[in-house]
Amino acid sequence: MRPARFVIYSRSYCHLCDDMRDALLARFGLAQDQVEMVDVDADAALEAQYDELVPVLMGRGVDGSMSRLCHHFLDPAAVQGFMQANG
C-alpha cells in the first residue's frame with residue numbers, strides 16, 4: 001500500500017480542517033485514501049510546529065519528500081502546481 005499523497009495536519013474539532021479535506025477531495029477528484037488527516041494534538045512536536053497554522057496541507061512528492069502547500073484554507077493553484085510537478 002502506498003502512502004497518502006496529501007497530509008493535512010489538523011485537529012479533531014476543527015471545521016476548517018474538514019472543509020480543507022472536503023474541498024481537496026472534491027476539487028481534485030481524490031480518493032479518501034489519498035488524504036491522511038493527522039491530529040497535531042496527539043504529538044507535542046507537531047502541535048508546537050503547526051499549532052496556530054492548522055489546518056496545514058502537505059504534499060508528498062514522488063521522491064517521498066513533503067512540501068507545505070497551504071494553511072488555513074485550500075490554495076487550489078498551489079495544489080495544482082504540486083500535482084503537475086509530481087505527476
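Reply: Let's begin with the fold: the protein has three helices and four strands, where helices (H or I, at least four residues) and strands (E, at least two) are DSSP runs numbered from the N terminus. Read from the N terminus, the order of the elements is β-α-β-α-β-β-α. The radius of gyration is 12 Å, close to the 12 Å that the globule rule gives for 87 residues, so the protein is as compact as a globular protein of that length. For that comparison, the radius is taken over C-alpha atoms, and the globule rule is 2.2 Å times the number of residues to the power 0.38. Along the principal axes, the C-alpha atoms fill a box of roughly 35 × 25 × 25 Å.

A word on what you are looking at: this is a predicted model, in which local features need pLDDT of at least 70 and side-chain atom pairs count only at pLDDT 80 or more, while totals for chains, interfaces and linings use all residues. Residues are numbered from 1 along each chain as its sequence is written, and side-chain values use heavy atoms, with hydrogens and water left out.

Now to your aromatic pair. A pair of aromatic rings is described by the distance of the centres and the angle of the planes. Searching the whole structure turns up two aromatic pairs. One of them is formed by Y9 and Y50, which are stacked, with 4.6 Å from centre to centre and 15 degrees between the planes. Y9 belongs to strand β1 (residues 6-10) and Y50 to helix α2 (residues 44-50), so the pair ties together parts that are 41 residues apart in sequence. As for the terms, rings of Phe, Tyr and Trp (its six-membered ring) pair if their centres lie within 6.5 Å; planes under 30 degrees apart count as stacked, over 60 as edge-to-face and the rest as tilted.

Both Y9 and Y50 are buried. Here buried means under 20% relative accessible area, exposed means over 50%, and partly exposed is in between (1.4 Å probe, protein chains only). Across the protein, 40% of the 87 residues count as buried.

Strand β1 also holds V7, a buried residue with a relative accessible area of 4%. Leaving out residues up to four places away in sequence, V7 touches E36, V38, V56, L57, M58, R60 and M66; contact means heavy atoms within 4.5 Å. V62 is 55 residues from V7 in sequence, and their C-alpha atoms are 14 Å apart.

E36 counts as partly exposed, at 36% relative accessibility. Its contacts, again not counting residues up to four places away, are A4, F6, V7, I8 and R60. In the protein, residues 24 or more positions apart account for 62% of the contacts with a separation of 6 or more.

On the helix side of the pair, follow the chain into the loop between α2 and β3, where you will find D51. D51 is partly exposed, with 30% relative accessibility. Apart from neighbours within four places in sequence, D51 is in contact with R11 and L46. The C-alpha atoms of D51 and R68, 17 residues apart along the chain, are separated by 15 Å. P55 lies in that loop between α2 and β3 (56-60) as well, and the peptide bond from V54 to P55 is cis, with omega near 0 degrees.

Two other places are worth a visit while you have the model open. In helix α1 (residues 15-28) you will find L25, which is buried, with a relative accessible area of 11%. L25 touches L30, A31, Q32 and V35, not counting residues up to four places away in sequence. In the loop between β4 (66-71) and α3 (76-85) sits H72, which has a positive phi of about 65 degrees although it is not a glycine. H72 is partly exposed, with a relative accessible area of 28%.

Last, the surface. The accessible surface of the protein comes to about 5000 Å², and 50% of that belongs to carbon and sulfur atoms; the areas come from the Shrake-Rupley method with a 1.4 Å probe, and for residues only the protein chains shown count as cover.
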